[in-house]
Amino acid sequence: MTDLPAQWTHAPHTVLAFRPGDTVAAIDANATPGFSGNKADAPGIQAQRNERLAELQEMLYANSRAGDGRSVLLILQGMDTAGKGGIVKHVVGAANPQGIRYTSFGAPTAEELSHHYLWRIRNALPSAGQIGVFDRSHYEDVLIVRVRNLVPPDVWGARYDEINAFEKELTDAGTTIVKVAMFVSLEEQKRRLAQRLERPDKYWKYNPGDIDERALWPAYQQAYQAVLDKTSTAHAPWHVVPCDRKWYSRLAINELLIEALKSLDLSWPAADFDVEDEKARLQLL
Ligand code: AMP
Ligand code: MG
(Lines give C-alpha, C1' and ligand atoms only; values in the text may rest on other atoms or scores of the structure.)
(Ligands and ions follow the chains in the order given, each with its own letter.)
Protein backbone atom coordinates (compact mmCIF):
# COMPACT_ATOMS: atom_id res chain seq x y z
CA MET A 1 0.00 0.00 0.00
CA THR A 2 1.34 3.37 -0.91
CA ASP A 3 0.26 6.96 -0.46
CA LEU A 4 2.82 8.19 -2.96
CA PRO A 5 1.52 11.20 -4.96
CA ALA A 6 0.29 10.11 -8.40
CA GLN A 7 2.96 12.09 -10.25
CA TRP A 8 5.50 9.55 -9.04
CA THR A 9 5.44 6.82 -11.68
CA HIS A 10 8.22 4.95 -9.83
CA ALA A 11 8.95 4.97 -6.13
CA PRO A 12 11.99 7.20 -5.49
CA HIS A 13 13.71 4.66 -3.24
CA THR A 14 13.79 2.16 -6.10
CA VAL A 15 14.29 4.40 -9.11
CA LEU A 16 17.06 6.34 -7.38
CA ALA A 17 18.85 3.35 -5.86
CA PHE A 18 22.45 3.06 -7.00
CA ARG A 19 22.96 -0.15 -8.96
CA PRO A 20 26.28 -1.90 -9.55
CA GLY A 21 27.61 -0.70 -12.88
CA ASP A 22 25.94 2.74 -12.69
CA THR A 23 28.45 5.44 -13.46
CA VAL A 24 28.70 8.92 -12.05
CA ALA A 25 29.72 10.18 -15.49
CA ALA A 26 26.35 9.06 -16.86
CA ILE A 27 24.23 10.83 -14.24
CA ASP A 28 21.96 13.47 -15.75
CA ALA A 29 21.72 16.01 -12.95
CA ASN A 30 18.89 17.76 -14.75
CA ALA A 31 16.68 14.67 -14.90
CA THR A 32 13.62 13.97 -12.74
CA PRO A 33 13.61 10.15 -12.50
CA GLY A 34 10.30 8.57 -11.66
CA PHE A 35 8.42 11.88 -11.58
CA SER A 36 5.97 12.72 -14.34
CA GLY A 37 4.88 16.08 -12.98
CA ASN A 38 6.59 19.43 -13.31
CA LYS A 39 7.76 22.37 -11.25
CA ALA A 40 4.26 23.79 -10.94
CA ASP A 41 3.14 20.60 -9.17
CA ALA A 42 5.95 20.73 -6.66
CA PRO A 43 4.76 23.24 -4.02
CA GLY A 44 1.44 21.47 -3.46
CA ILE A 45 3.03 18.04 -3.25
CA GLN A 46 5.87 19.30 -1.09
CA ALA A 47 3.48 20.81 1.45
CA GLN A 48 1.46 17.61 1.66
CA ARG A 49 4.52 15.35 1.95
CA ASN A 50 6.19 17.62 4.48
CA GLU A 51 3.14 17.05 6.62
CA ARG A 52 3.35 13.29 6.19
CA LEU A 53 7.02 13.36 7.11
CA ALA A 54 6.27 15.41 10.22
CA GLU A 55 3.57 12.95 11.27
CA LEU A 56 5.85 9.92 10.86
CA GLN A 57 8.67 11.66 12.68
CA GLU A 58 6.37 12.40 15.60
CA MET A 59 5.37 8.75 15.64
CA LEU A 60 9.02 7.68 15.74
CA TYR A 61 9.62 10.08 18.59
CA ALA A 62 6.50 8.96 20.45
CA ASN A 63 7.55 5.33 20.18
CA SER A 64 10.96 6.12 21.63
CA ARG A 65 9.17 7.47 24.71
CA ALA A 66 7.54 4.06 24.95
CA GLY A 67 10.90 2.29 24.80
CA ASP A 68 11.50 1.84 21.07
CA GLY A 69 15.23 2.30 20.51
CA ARG A 70 15.14 2.88 16.78
CA SER A 71 16.30 5.95 14.90
CA VAL A 72 16.91 7.18 11.36
CA LEU A 73 20.07 8.73 9.95
CA LEU A 74 19.97 10.85 6.80
CA ILE A 75 23.38 11.26 5.21
CA LEU A 76 23.63 14.08 2.67
CA GLN A 77 26.71 14.12 0.47
CA GLY A 78 27.29 16.37 -2.50
CA MET A 79 29.52 18.99 -4.03
CA ASP A 80 29.10 22.64 -3.05
CA THR A 81 25.78 24.11 -4.24
CA ALA A 82 24.20 20.67 -4.66
CA GLY A 83 21.52 21.86 -2.27
CA LYS A 84 22.26 20.10 1.01
CA GLY A 85 21.26 23.20 2.97
CA GLY A 86 18.00 23.42 1.05
CA ILE A 87 17.14 19.85 2.04
CA VAL A 88 17.78 20.68 5.66
CA LYS A 89 15.61 23.79 5.43
CA HIS A 90 12.76 22.61 3.19
CA VAL A 91 12.52 18.88 3.96
CA VAL A 92 13.96 18.25 7.41
CA GLY A 93 12.69 21.68 8.48
CA ALA A 94 9.14 20.38 8.22
CA ALA A 95 9.71 18.13 11.20
CA ASN A 96 9.68 19.01 14.89
CA PRO A 97 13.20 20.18 15.86
CA GLN A 98 12.81 18.23 19.10
CA GLY A 99 13.22 15.01 17.17
CA ILE A 100 16.01 16.14 14.84
CA ARG A 101 19.72 15.90 15.45
CA TYR A 102 21.46 17.98 12.81
CA THR A 103 25.21 18.11 12.31
CA SER A 104 27.27 19.63 9.54
CA PHE A 105 30.80 18.40 9.05
CA GLY A 106 33.44 20.82 7.86
CA ALA A 107 37.20 20.55 7.87
CA PRO A 108 38.12 18.78 11.12
CA THR A 109 39.19 20.88 14.10
CA ALA A 110 42.52 20.22 15.80
CA GLU A 111 40.71 18.20 18.43
CA GLU A 112 38.84 16.15 15.83
CA LEU A 113 42.07 15.51 13.95
CA SER A 114 43.62 14.10 17.08
CA HIS A 115 41.01 11.32 17.06
CA HIS A 116 40.02 8.59 14.63
CA TYR A 117 37.95 10.09 11.77
CA LEU A 118 34.80 8.31 12.99
CA TRP A 119 35.07 9.88 16.45
CA ARG A 120 33.19 13.05 15.56
CA ILE A 121 30.69 10.98 13.61
CA ARG A 122 29.94 8.72 16.57
CA ASN A 123 29.44 11.81 18.71
CA ALA A 124 26.75 13.07 16.36
CA LEU A 125 24.62 9.95 15.97
CA PRO A 126 20.86 10.18 16.55
CA SER A 127 19.54 8.72 19.76
CA ALA A 128 16.36 6.68 20.04
CA GLY A 129 13.43 8.37 18.31
CA GLN A 130 15.54 10.95 16.52
CA ILE A 131 16.22 11.59 12.89
CA GLY A 132 19.91 12.36 12.62
CA VAL A 133 20.91 14.55 9.71
CA PHE A 134 24.48 14.67 8.45
CA ASP A 135 25.27 17.61 6.18
CA ARG A 136 28.44 16.01 4.80
CA SER A 137 29.69 13.05 6.78
CA HIS A 138 32.39 10.41 7.23
CA TYR A 139 32.36 10.15 3.44
CA GLU A 140 34.41 13.33 3.33
CA ASP A 141 37.18 11.11 4.66
CA VAL A 142 37.20 9.23 1.35
CA LEU A 143 36.22 12.23 -0.84
CA ILE A 144 38.11 15.46 -0.16
CA VAL A 145 40.69 13.48 1.79
CA ARG A 146 41.30 11.21 -1.20
CA VAL A 147 41.18 13.97 -3.81
CA ARG A 148 43.55 16.20 -1.86
CA ASN A 149 45.86 13.45 -0.62
CA LEU A 150 45.29 14.48 2.98
CA VAL A 151 46.34 10.99 4.08
CA PRO A 152 48.23 8.30 2.14
CA PRO A 153 46.26 6.04 -0.26
CA ASP A 154 46.61 2.95 1.92
CA VAL A 155 44.99 4.89 4.79
CA TRP A 156 41.97 6.21 2.89
CA GLY A 157 41.85 2.97 0.90
CA ALA A 158 41.13 0.98 4.06
CA ARG A 159 38.26 3.25 5.02
CA TYR A 160 35.61 1.90 2.66
CA ASP A 161 35.49 -1.46 4.44
CA GLU A 162 35.72 0.28 7.76
CA ILE A 163 32.78 2.53 6.89
CA ASN A 164 30.72 -0.47 5.76
CA ALA A 165 31.43 -2.22 9.05
CA PHE A 166 30.62 0.95 11.01
CA GLU A 167 27.29 1.40 9.22
CA LYS A 168 26.47 -2.28 9.78
CA GLU A 169 27.02 -1.74 13.46
CA LEU A 170 24.60 1.19 13.37
CA THR A 171 21.89 -0.62 11.45
CA ASP A 172 22.23 -3.66 13.73
CA ALA A 173 21.67 -1.32 16.65
CA GLY A 174 18.40 -0.04 15.15
CA THR A 175 19.37 2.95 13.03
CA THR A 176 17.92 3.04 9.52
CA ILE A 177 20.46 4.79 7.30
CA VAL A 178 19.33 6.83 4.31
CA LYS A 179 22.33 7.73 2.16
CA VAL A 180 21.80 10.39 -0.45
CA ALA A 181 24.39 11.39 -3.02
CA MET A 182 23.31 14.73 -4.48
CA PHE A 183 24.58 15.48 -7.96
CA VAL A 184 24.67 18.95 -9.48
CA SER A 185 26.12 19.48 -12.96
CA LEU A 186 29.26 21.50 -13.52
CA GLU A 187 27.25 24.14 -15.43
CA GLU A 188 24.54 24.44 -12.79
CA GLN A 189 27.19 24.72 -10.08
CA LYS A 190 28.68 27.62 -12.02
CA ARG A 191 25.29 29.35 -12.13
CA ARG A 192 24.74 28.84 -8.42
CA LEU A 193 28.20 30.06 -7.46
CA ALA A 194 27.77 33.08 -9.75
CA GLN A 195 24.48 33.84 -8.03
CA ARG A 196 26.15 33.72 -4.64
CA LEU A 197 28.62 36.31 -5.89
CA GLU A 198 25.82 38.55 -7.15
CA ARG A 199 23.82 38.58 -3.96
CA PRO A 200 25.00 40.05 -0.67
CA ASP A 201 22.50 37.80 1.12
CA LYS A 202 24.35 34.78 -0.36
CA TYR A 203 27.94 35.85 0.30
CA TRP A 204 27.92 33.87 3.53
CA LYS A 205 27.46 30.68 1.54
CA TYR A 206 30.35 31.47 -0.77
CA ASN A 207 33.83 30.27 0.00
CA PRO A 208 36.75 31.00 -2.33
CA GLY A 209 37.82 27.40 -1.70
CA ASP A 210 34.70 26.23 -3.58
CA ILE A 211 36.43 27.21 -6.83
CA ASP A 212 39.47 25.16 -5.85
CA GLU A 213 37.29 22.07 -5.29
CA ARG A 214 35.44 22.80 -8.54
CA ALA A 215 38.76 22.72 -10.38
CA LEU A 216 39.13 19.12 -9.19
CA TRP A 217 35.75 18.01 -10.57
CA PRO A 218 37.03 14.91 -12.45
CA ALA A 219 38.90 13.69 -9.40
CA TYR A 220 35.75 14.20 -7.31
CA GLN A 221 33.71 12.27 -9.85
CA GLN A 222 36.15 9.39 -9.50
CA ALA A 223 36.04 9.60 -5.72
CA TYR A 224 32.21 9.62 -5.73
CA GLN A 225 32.24 6.63 -8.07
CA ALA A 226 34.42 4.72 -5.62
CA VAL A 227 32.10 5.64 -2.75
CA LEU A 228 29.04 4.39 -4.62
CA ASP A 229 30.78 1.23 -5.86
CA LYS A 230 32.29 0.27 -2.53
CA THR A 231 29.81 1.44 0.10
CA SER A 232 26.41 0.74 -1.40
CA THR A 233 25.51 -2.19 0.83
CA ALA A 234 22.32 -4.08 1.52
CA HIS A 235 22.15 -2.54 4.99
CA ALA A 236 22.98 1.00 3.84
CA PRO A 237 22.39 1.53 0.12
CA TRP A 238 23.10 4.77 -1.70
CA HIS A 239 20.51 6.82 -3.52
CA VAL A 240 21.62 9.01 -6.39
CA VAL A 241 19.59 12.21 -6.65
CA PRO A 242 19.84 14.61 -9.60
CA CYS A 243 19.91 18.10 -8.11
CA ASP A 244 19.91 20.65 -10.92
CA ARG A 245 16.21 21.11 -10.27
CA LYS A 246 15.87 21.89 -6.60
CA TRP A 247 12.12 21.29 -6.57
CA TYR A 248 12.77 17.71 -7.72
CA SER A 249 15.58 16.90 -5.32
CA ARG A 250 13.51 18.17 -2.40
CA LEU A 251 10.48 16.11 -3.38
CA ALA A 252 12.65 13.04 -3.92
CA ILE A 253 14.55 13.22 -0.64
CA ASN A 254 11.35 13.95 1.25
CA GLU A 255 10.03 10.64 -0.15
CA LEU A 256 13.23 8.77 0.74
CA LEU A 257 12.78 9.83 4.34
CA ILE A 258 9.09 8.97 4.36
CA GLU A 259 9.88 5.54 2.93
CA ALA A 260 12.53 4.90 5.59
CA LEU A 261 10.10 5.87 8.34
CA LYS A 262 7.32 3.77 6.85
CA SER A 263 9.64 0.78 6.73
CA LEU A 264 9.73 0.94 10.53
CA ASP A 265 6.04 0.06 10.55
CA LEU A 266 5.23 2.58 13.23
CA SER A 267 1.93 3.17 14.95
CA TRP A 268 0.92 5.42 17.83
CA PRO A 269 1.98 3.84 21.10
CA ALA A 270 -0.89 2.58 23.24
CA ALA A 271 -1.59 4.37 26.50
CA ASP A 272 0.28 2.85 29.44
CA PHE A 273 -2.51 4.04 31.73
CA ASP A 274 -6.23 3.40 31.88
CA VAL A 275 -7.76 6.10 29.67
CA GLU A 276 -11.24 5.82 31.21
CA ASP A 277 -9.87 5.97 34.75
CA GLU A 278 -7.90 9.06 33.88
CA LYS A 279 -10.94 10.76 32.33
CA ALA A 280 -12.88 10.04 35.46
CA ARG A 281 -10.11 11.37 37.68
CA LEU A 282 -9.89 14.54 35.62
CA GLN A 283 -13.64 15.14 36.03
CA LEU A 284 -13.26 15.16 39.79
CA LEU A 285 -10.84 18.08 39.82
P1 AMP B 1 30.68 23.60 3.73
O2 AMP B 1 29.88 22.33 3.79
O3 AMP B 1 30.38 24.42 2.52
O4 AMP B 1 30.62 24.38 5.00
O5 AMP B 1 32.20 23.19 3.53
C6 AMP B 1 32.85 22.36 4.43
C7 AMP B 1 34.18 22.00 3.84
O8 AMP B 1 34.84 21.13 4.77
C9 AMP B 1 34.09 21.25 2.53
O10 AMP B 1 35.01 21.74 1.59
C11 AMP B 1 34.44 19.83 2.93
O12 AMP B 1 35.01 19.08 1.89
C13 AMP B 1 35.41 20.08 4.07
N14 AMP B 1 35.53 18.87 4.91
C15 AMP B 1 34.53 18.18 5.49
N16 AMP B 1 34.99 17.09 6.12
C17 AMP B 1 36.33 17.07 5.92
C18 AMP B 1 37.37 16.20 6.30
N19 AMP B 1 37.12 15.10 7.02
N20 AMP B 1 38.63 16.50 5.94
C21 AMP B 1 38.86 17.61 5.22
N22 AMP B 1 37.92 18.48 4.82
C23 AMP B 1 36.67 18.22 5.15
MG1 MG C 1 30.23 25.41 0.92
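How do the residues of the lining of the largest cavity divide into nonpolar, polar and charged?

The structure is a predicted model, in which local features need pLDDT of at least 70, side-chain atom pairs count only at pLDDT 80 or more, and totals for chains, interfaces and linings use all residues. Residues are numbered from 1 along each chain as its sequence is written, chains are lettered from A and ligands numbered from 1 in the order in which they are written, and side-chain values use heavy atoms, with hydrogens and water left out.

The UniProt record, in an unreviewed entry, lists residues 48–263 as "domain: Polyphosphate kinase-2-related"; such annotations may be inferred rather than shown by experiment. Helices (H or I, at least four residues) and strands (E, at least two) are DSSP runs, numbered from the N terminus.

Five strands form an open sheet in the order β2-β3-β1-β4-β5, with parallel pairing; two strands pair if DSSP finds at least two bridges between them. At the edges lie β2 (100–104) and β5 (238–242), each of which pairs on one side only. From one strand to the next, the twist averages 20°. Strand β3 (residues 131–135) joins β2 through five bridges in the parallel sense, and Phe134 in β3 is the bridge partner of Thr103.

Two helices lie across this sheet. Helix α12 (residues 246–262) lies across β1, β3, β4 and β5, running at about 155° to β5. Contact here means heavy atoms within 4.5 Å, while angles run from 0 to 180 degrees between N-to-C directions of axes fitted to C-alpha atoms, for helices over the stretch in contact.

On a 1 Å grid over the protein atoms alone, a cavity is a set of points where a 1.4 Å probe fits but cannot get out, whereas a pocket is an open set with protein on both sides within 12 Å along at least five of seven lines; lining residues have an atom within 4 Å of a point. A volume is the space filled by probe spheres set on the points.

The largest cavity holds about 70 Å³, and α11 gives the most to its lining, with four residues. That lining has eight nonpolar residues, one polar and no charged. The largest pocket has a volume of about 1,400 Å³. Its lining has 18 nonpolar, 13 polar and 18 charged residues. Ala, Val, Leu, Ile, Met, Phe, Trp, Tyr, Cys and Pro count as nonpolar, Asp, Glu, Lys and Arg as charged, and the others as polar.
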